[in-house]
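Have a look at the model first.

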Amino acid sequence: MLERFFHGWERRLASVTTDRVVRPFEWGLDWAGLPAAAAGTNGGAVDGEALRAWAREATLESERFYHVDPAGAFDFDGHHLRFASAVTTPHPENNTVHGRFFRARNDTRRRAVVVLPQWNADPASHVALCTLFARAGLSSLRLSLPYHDWRMPPELNRADYIVSSNVGRTVQACRQAVLDARRAVQWLHREGYERIGIIGTSLGSCLAMLTTAHEPLIDAAAFNHVSPWFADVVWDGISTAHVRQGLEGRITLEMLRDIWLPISPFPFMDKVRGRKLLVVYARYDLSFPVALSQRFAAEFRARGIDHELFVLPCGHYSIGKPPFSWMDAFALTRFFRRTL
């Protein structure tokens, strides 16, 4: 009965958004720096295999793929941080990273958390969590993801370019988010913060996992909604049904999983070993289907990766509603107060 109630509620909450656009399928080889195959009946298969090989190399050489040089300069007015993204895209707005800084009331312990919101988060999203962190003695830096907020090109109403049926662009936009987060961590370290954490929600959770795996300055990480594979969430989740519409008939889930492996947590799980880790998922989630979340947690256990687990009795959208939002915020705040 509870499952039926929450699944119905989740679908009603998801249906409130009416501006989702089904975009045409594109391999996006230009985003991977690859030439397109010659026109012909087999061109799509050749393009797909080229991307698959590129993704395999990016996964195996992930330290190179996610390498980032320090930003040349940071513009900080005490509240708003701006710096150049390590990735230059065709969209000028997206090439500047924006962050809102929330200083702890008692900042003497020099602890800070980078906050990565969910896909299509509005500018106010996670501000309440950052305010709670500040009251608990944790400074925080809330980043705007690529193609969100100030970074959204004028032709968009939603942040479609970071998760879409353009396969190559999705990889590079998520890579950009990871490099931006690494530069944000490096800025906090430069500012004198000695213990640094990161928390990501939904899409932000995947990006936080990838950042933790490749940024040695991170001491603790919380992953809020989890899946081992990026492709499976897009394929099976109700929030991304319109993206799947653009993909179906042009690519299989198996190939999509392979091409999106560099932006999936699964290959990098062992690289977060030794950090303080919190895994959070929702029992009635239809956007990050709960079987995927359970597989993520089971994989941590099977590999002997020490972590804490918190399962919320709600769904993906309802986690933003009281009392579940309070439960989630309490678990996250308690974790970082204890581990940083």
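Does Thr-339 count as buried or exposed?

## Thr-339

Thr-339 counts as buried, because its relative accessibility is 9% (buried is under 20% relative accessible area, exposed over 50%, partly exposed in between, with a 1.4 Å probe and protein chains only). This is a predicted model, where local features need pLDDT of at least 70 and side-chain atom pairs pLDDT 80 or more, while totals for chains, interfaces and linings use all residues. Residues are numbered from 1 along each chain as its sequence is written, and side-chain values use heavy atoms, leaving out hydrogens and water.

Thr-339 belongs to helix 11 (residues 324-339); helices are DSSP runs of H or I with at least four residues, numbered from the N terminus. Its side chain reaches the backbone oxygen of Phe-335 at 2.8 Å. Leaving aside residues up to four places away in sequence, Thr-339 touches Arg-195, Ala-220 and Lys-276 (contact means heavy atoms within 4.5 Å).

## Helix 4 against helix 11

Helix 11 also packs with helix 4 (residues 127-135), at an angle of about 40 degrees and with axes 10 Å apart. Axes are lines fitted to C-alpha atoms over the stretch in contact, and angles run from 0 to 180 degrees between N-to-C directions. Leu-129, Leu-132 and Phe-133 of helix 4 meet Ala-329, Leu-332, Thr-333 and Phe-336 of helix 11.

## Helix 5 against helix 6

Helix 5 (residues 167-190) and helix 6 (residues 203-214) pack at about 60 degrees, their axes 9 Å apart. From helix 5, the contact includes Cys-174 and Arg-182; from helix 6, Leu-203 and His-214 are among the partners.

Methods: Helix = DSSP H or I, 4+ residues; strand = E, 2+ residues; numbered from the N terminus. Polar contact = N/O pair within 3.5 Å; in protein donor to acceptor, adjacent residues only side chain to side chain.
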